[in-house]
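Please look over the sequence and the model shown here before reading on. The report that follows takes up its strands, a helix, its cores and its aromatic rings in turn.

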Amino acid sequence: MNKTKKIDVIIPTYHPDEKLERCLRMLKRQTIQPQRILLINTEEEFFHSKVFSTLKQGEIVHITKPEFDHGGTRNQAARMCDGEIMILLTQDAIPADEYLIENLLKPFEDEEVCAAYGRQMADKKDNPIEAYTRIFNYPKESRIKSKKDLPELGIKTFFCSNVCAAYRKSEYDALGGFPLHTIFNEDMIFASHLIEEGKKIAYVADAKVWHWHNYTAKEQLKRNFDLAVSQVDAGGLFTKVKSESEGIRLVKMTLLHFIKKGQFYYIPKIITQNGAKYIGYRLGKSYKKLPKKWILKISLNPWYWK
């Protein structure tokens, strides 16, 4: 991609910590510099980043917690940007090197590619299970996905994470941006619309960020409940493709990996966490049959239901 193209970076923030500081420092080192780094911050009183003030192209907009919406807040930021490519990051995604933006832009040389997402990596020392599952979901080989991949990849055809993703702004605008009032998963919902329109999504293995979470089993259950709710509410292609088989394959491969390494002490955690994921997902798929008081206890985002 021509280095003269206008690039905007958007980062929603809430109670940012040192990970945002590291993210911003790495953005300052990128071989291709964006024209704008726009932060949409929830609750001004919690924002204390000193690094942000040193960014020449940095801008910040403060909103209140009731104003935040997964899709709507990102759309608000997008309306403030006029770049040809819009890069979205989360505040805890840390570029692994100075080539993140450069590599993320390369697939857009193909005019049919309208979205691209990077590779997320986890620290083996901090969370060895997450480090392995990251390799499963974010392999070392890049790939271009389109409608023809649906029979093979199923729901993974739509996989595109706003932890680290780029969008062709013209196509983003043409499709109306991210869906409003989504509980979660605005990135995959938008990606499914791109696929339905016959466009392509690129997974870019060389565009790397450090990003992982140390979720408890309870948090995994809640997160997967919301994930399934988002798919049910989105409808469309989500109702026509396989999804659970990939999760089962991941569990089997993860168990086999740690058994082969002789690290049997990880097996209970793998079974517990993945069991929680599966229960949460199944409950989410059937959420319309559940009592409201159950939903409020199970959901990671109870505000969504009020």
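## Strand 6 and its neighbours

In which sense do strand 6 and strand 9 pair, and over how many bridges? Strand 6 and strand 9 (residues 200-210) pair in the parallel sense, over eight bridges, where pairing requires that DSSP finds at least two bridges between two strands. Val-113, for example, has Lys-200 in strand 9 as its bridge partner. Strand 8 (residues 164-168) runs antiparallel to strand 6 and is joined to it by three bridges, with Ala-166 in strand 8 as the bridge partner of Ala-116. Strand 6 (residues 113-121) is mostly covered, nine of its nine residues being buried; buried means under 20% relative accessible area, exposed means over 50%, and partly exposed lies in between, with a 1.4 Å probe and protein chains only.

The model is a predicted one, in which local features need pLDDT of at least 70 and side-chain atom pairs count only at pLDDT 80 or more, whereas totals for chains, interfaces and linings use all residues. Residues are numbered from 1 along each chain as its sequence is written, and side-chain values use heavy atoms, with hydrogens and water left out. Helices (H or I, at least four residues) and strands (E, at least two) are DSSP runs numbered from the N terminus.

## Strand 4

Strand 4 is largely enclosed by the rest of the structure, because five of its five residues are buried. In a regular strand the side chains alternate between the two faces of the sheet. Here both faces are covered, with Ile-85, Ile-87 and Leu-89 buried on one side and Met-86 and Leu-88 buried on the other.

Strand 4 pairs with strand 1 in the parallel sense over four bridges, and Ile-85 is the bridge partner of Ile-7. Five bridges also join strand 4 to strand 8, and these two run antiparallel, with Ile-85 standing opposite Arg-168 in strand 8.

## Helix 2

Helix 2 (residues 70-79) is largely enclosed by the rest of the structure, because eight of its 10 residues are buried. Among the elements that cover these buried residues are strand 1 (7-14), strand 4 (85-89) and helix 7 (186-196), with contact meaning heavy atoms within 4.5 Å. At the N-terminal end, Asp-69 caps helix 2 through a side-chain oxygen that lies 3.1 Å from the backbone nitrogen of Gly-71.

## Nonpolar cores

A nonpolar core is a set of buried Ala, Val, Leu, Ile, Met, Phe, Trp, Tyr and Cys residues joined through side-chain atoms within 4.5 Å. The largest has 34 residues, of which Met-86, Tyr-117, Phe-158, Cys-160, Tyr-167 and Ile-201 touch the most other members. Helix 7 gives the most to this core, with six residues. A second, separate core of 32 residues includes Ile-11, Val-51, Ala-93 and Leu-104.

## Aromatic rings

A search of the whole structure finds 17 aromatic pairs, in which ring centres of Phe, Tyr or Trp (its six-membered ring) lie within 6.5 Å, and planes under 30 degrees apart count as stacked, over 60 as edge-to-face and the rest as tilted. One of these, Phe-178 with Phe-190, is edge-to-face at 5.4 Å centre to centre, with 65° between the planes. Phe-178 lies in the loop between helix 6 and helix 7 and Phe-190 in helix 7, so the pair ties together parts that are 12 residues apart in sequence. Both Phe-178 and Phe-190 are buried.

How values were computed:
Polar contact = N/O pair within 3.5 Å; in protein donor to acceptor, adjacent residues only side chain to side chain.
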